[in-house]
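Q: I would like to learn how to read a few features of a structure. Can we go through them one at a time?

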Amino acid sequence: MSSRLSTLVLLSVLVPAYFTCMIVGSYAGEDREINVYGNLFSASVISDSDFIIVGERGKIYLSHDHAQTWKTVFSNTKKALAAVSFPDDKNGWIVGQNGVILHSADGGPTWVTQSSGVKAYLLSVNFYDTKNGCAVGSGSTVLMTADGGETWTKSPFKANPDFDEELNLLAVVMLDAKKVCIAGERGRVFMTNDAGMTWIDCKSPLYDEEMMEGKILYALAYDSETLYAAGLDGTVIYSGDQGKTWKEAITGLTEPEFYCIDVVNGIGIAAGSGGYIVRTSDSGETWQTVNVPEKVTQTWLSGVDLKKGNNGKVNGLVVGQNGTVGTFNDDTFKWQQHVMSGGEK
Amino acid sequence: MSGNEKQVKFSPGACDANFILKHRFVMLSVLLGLTVFFCVHLTDIKMAKEPLETMYPTGHKFLPAINAIKKMAPEPSMVVGVLEVKNGDIYNTKTIDKIDRITRGLMSIDGIMPSGITSLTRGVDHMNNSVDGFRSAPILGKKWPETSAEFELLKRKVAVNAMGIGRYVSYDHTAVMITAKLSDIDQKMENAYQQLTDAEKETLSFKDYKKQQTGAFQDNLLKRISDLKLKEDDANHTFYFMGMEILMAQMTEMGKRDIPIAAGTMLFFVIALSAFYFRTFPGIFIPVVAMIISILWGLGIFGWCGVEFNPMALLFPLAMGLLSLAFSVLTLKQYYRLNEKIKDKNLAIAATYGSTPVMVSILTVGLVTLSLYAVDVPMIKDLGVFGLFWMVGTFAAVILINPILISFFPVSKVIKTDVKDGACQSMVNHLMLLSGGKGKYVIPAVLAVIIAIGCFCVANLEVGDNAPGSSYIRNNHPWNQCFSRLAKKFMGPYQLLVYVKAKEKGGITDPDALNAIGDFSDYLKNQGGAKDSIAFDMMIKIVRTTLMDGNPKWQVIPEKKAQVEGLGGMVVAQGGVESFIDKTYTQATISPFFPEKDAGHIDTYASRIQAYIDNHPSDKVEFYPGGGLLGMTKMLNDGTRDTYTKVLIAAFFGCVIFGTLATGSVLLGVLVSIPVAVAQAVLWIGMTIAGMPVSLPVVPASAVAIGFGPVFGYLLLGQVFGVHNGLRSYNHGNARENRFGKTGEDVMFTGIIIFAASLPWFFIGMKFQSTMMLVLGLTVLLEAIAAVIFIPAVAGWLKQCSE
């Protein structure tokens, strides 16, 4: 009897102990790694599979698998990198704080510094081809190159011919090797037809010349002979005559600031504060609001790039605050996992 | 002359006991005089001013950072409220009105700074860009939302607001936070004290006035906010609130309510059980006197020596007093049994109270408790010192006062001789069956298995439940309900701060320093496991963006130090950033908010932080982890882990060594320690199954219980064959028939009375104290059961092996 009792005692101790050990043994930490993070300012679709993102404190991220995975690229700078432009799948330029200009000739893995000759914060860059490019930034800075960035020349840009007016230029787009459109504070838009030697004020409808104030334009895009500009109060304007006349698009939104815009083959996206995104499929005639995950509504989006893929469909990348990355493929947005997962990790 | 009589004659303590009895009136007068003396010194007990700080292990690597952060920015007193919506979200008129009413209600409470209240309806501004530049306006606007479209817009505004999601609105939009800063209470008291008349000041010192007024202030605060809660809670809304002042008031309220009930119930159990067991007045009176005197002496010497006492360990003296009660009960019974045998009252008293096992047992408890002094946690160290003082008090109470008191009563008045075998005896008889027959082979095997499983469990047992504040009270307490909502629904209270020190004065404003801070903060947020992270770099960037028309590309650190200083001036001027940057720009903090608070996760976070620091040295700044709730919790966890290990080793060795000294045999020294090992093993298994982590109160309770355990072994072995006779004389059958069963009954009763006396404390709201008492009571009960089951069986098995 006593042995049976002892066996029972033994079992009553061993069985719960076994399960306890199972529980103790199964514990494991599960903090997920997010390899793209920080504030991201600009992005570029280099090819069908290769994407690049730049951001604060010299961050460069490169993906070779359609934004599935990202790797950090050494930039050799801690300065903010504000914009990136890839005219082909090998050559790219990045501009940023303190006049930083970086050039890659191998599709993004390595970057070398180019001398800009300025200390301004370069906020936008656009290359028409591998030779001709333009960068703009704070304090009316406009830099032009015709030799792939070997030399950068400061353009004699003046926002106001009558007096010195410091204007922060926020966006640039090249229409051809000589024609460049720039935009910035107070809704000012300018064009040059001679690679920045002379500039024409495009008389943006957003600028009140008399009051010398207007709605900021943060971004420019050019597609199929049409110029697009996006800015404050959900504004998108477009011009089919190279900036001579402008039409205001009805986006249906007045709350957000649109910090970025891109249009390819009539398909366009503008994105901005509060994670607001609008898209067009008819070259800006009509715009629809895109539904985004709740986490995206807590961020700003400051970079978008679209490119027509080999299959004829438009691929794109949208980036913004706190590592927000979304891909656009054949009319569908897909957001990076941590953006989808909500506030709690 | 029997063997026992021989033992009596040769017992060295018996001569002392005879001396005491001979001069009992003088001795009693002296002892009572000393008791009065120590009672007077009770008022000299210095209460720890910063109880939490005495719980941190000295020399912990987080300590310098914690002290630096505390010096840099003392934590403001604050009330934090959470209004939770049960069904739906906060975006409706009823909820917004409720938030506003609570906000206004808080403003009207004395001691809350109206300007320091922030909620969705007050102090949270929406900023947006316009043609005229950046605009800032209350997030609800001039006209509060009414339609669903307007509420949807509010939701979007909340989403982009720096004080929105995770801060003042929960991630799931079902709760809002309301914070209210308290005015400078010290200053207020000082001003009020100055208004008193000179006569009033003469009768009331500022210290006493402050104590009085602080209590009144805290009570009023708690009452007013409780009234607000009562008014605003409805079927769909619940208002929770917390804060240090609130906690103090709640703890005081809880103490006033729970402690008398628990103490009364404990006394009832002690008296009822003693009455049931002894059935005489002295049988109740003498143990209770022993308990009270040991506590008075222990605390009195504490006050006399000026050792600091941590109010968190309030029940520790009581726990030790229960052991004095146990010694008194055991010796009283032993006296009775011996007297019954030798029919000589004085000789029986002298033999019982002068016997080596009793003295060694008291010495073992005292010295094992003193081993707590060897650890690095000041509070635990002080408890170790208390153990020493308790030993003196218990010696006085049990060895000196108890025999004198007994000598005043006739034997028959002390214990009823006609009491039949009771429940304890019946229990012991059943347990004894386990160790008979084949049991003597099976039981040692079971013993080995239990100890092996126990060791496995203790190796895997988590340390935890040490978070300051939330761990001191029950999970269902209103304070913790608010706390858990903050942790789950908001950015939460689980911070593990990184203290940043610039290598040069004012060096934080160096752009490289700020970028290093920003990199670290980003790492914590994105790879370090934090929900979010706040640092000074972020504030600079936000101010800069505001100045640059809201363009996010300007959300970067300026290139020049002077520019940073300019922006820093604007940040500091706004106020409320003291905990992130000091005025000289030489010290700063990075505040990551983590999702979990268990020891495993905290260790992971801390190791990630340390690894980052090791791998990312900066020319401009130095990083030191520490601070925040998780920093403090980690220190307490590390202190617990370290002290628990040290204390367990010291206590076990202490038991074996004292057991060896008392019995004159290493084997018997180990044998008397078996109940201790089994009780601890079963406790660890139980803790593992219940998911109960090892917290700080477990450490002193375990030490005391371990120190007490061998007494059962001494008594059982002593009764069976006399501890000095060794195993050769052991015969299980004879032992059972002879004295073992009776002594086993005493052992079981002692275990039960300690457990019963501890039990009421388990139900009080103060978790720290209740854990301490539960561990003590449960361990002693387990030790008693283990002693009755295992000691005879193992003794039998050892004898078998030796043959």
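Q: In β16(A), which residue is the bridge partner of A:M191?

A: Strands of a sheet pair through backbone hydrogen bonds, either parallel or antiparallel. In this predicted model, the partner of A:M191 in β16(A) is A:I200.

Q: In what order do the four strands of the open sheet in chain A lie?

A: The order is β13-β14-β15-β16, with antiparallel pairing. At the edges are β13 (169-174) and β16 (200-201) of chain A, each of which pairs on one side only.

Q: What span should the 17 residues of helix α3 of chain B have?

A: The rule is 1.5 Å a residue, so helix α3(B), residues 24-40, should span 24 Å. Its end C-alpha atoms are 24 Å apart, which agrees.

Q: Which residues of α3(B) are buried?

A: They are B:M27, B:L28, B:L31, B:T35 and B:F38. Seen down the helix axis, the buried residues of α3(B) fall within an arc of 95°, so they line one face. The face turned away from that side carries the exposed residues B:F25, B:V26, B:V36 and B:V40.

Q: Is B:D258 buried or exposed?

A: Buried means under 20% relative accessible area. B:D258 has 10%, so B:D258 counts as buried. This residue is found in helix α10 of chain B, residues 244-278. Leaving aside neighbours within four places in sequence, B:D258 is in contact with B:I764 and B:G765.

Key:
Residues numbered from 1 in each chain as written. Chains lettered and ligands numbered in written order. Predicted model: local features only at pLDDT ≥ 70, side-chain atom pairs only at ≥ 80, totals over all residues. Heavy atoms only, no water. Pairing = 2+ DSSP bridges. Helix = DSSP H or I, 4+ residues; strand = E, 2+ residues; numbered from the N terminus. Expected span 1.5 Å × (residues − 1). Buried < 20%, exposed > 50% of the residue type's maximum accessible area, 1.4 Å probe, protein only. Arc of directions from axis to C-beta. Contact = heavy atoms within 4.5 Å.
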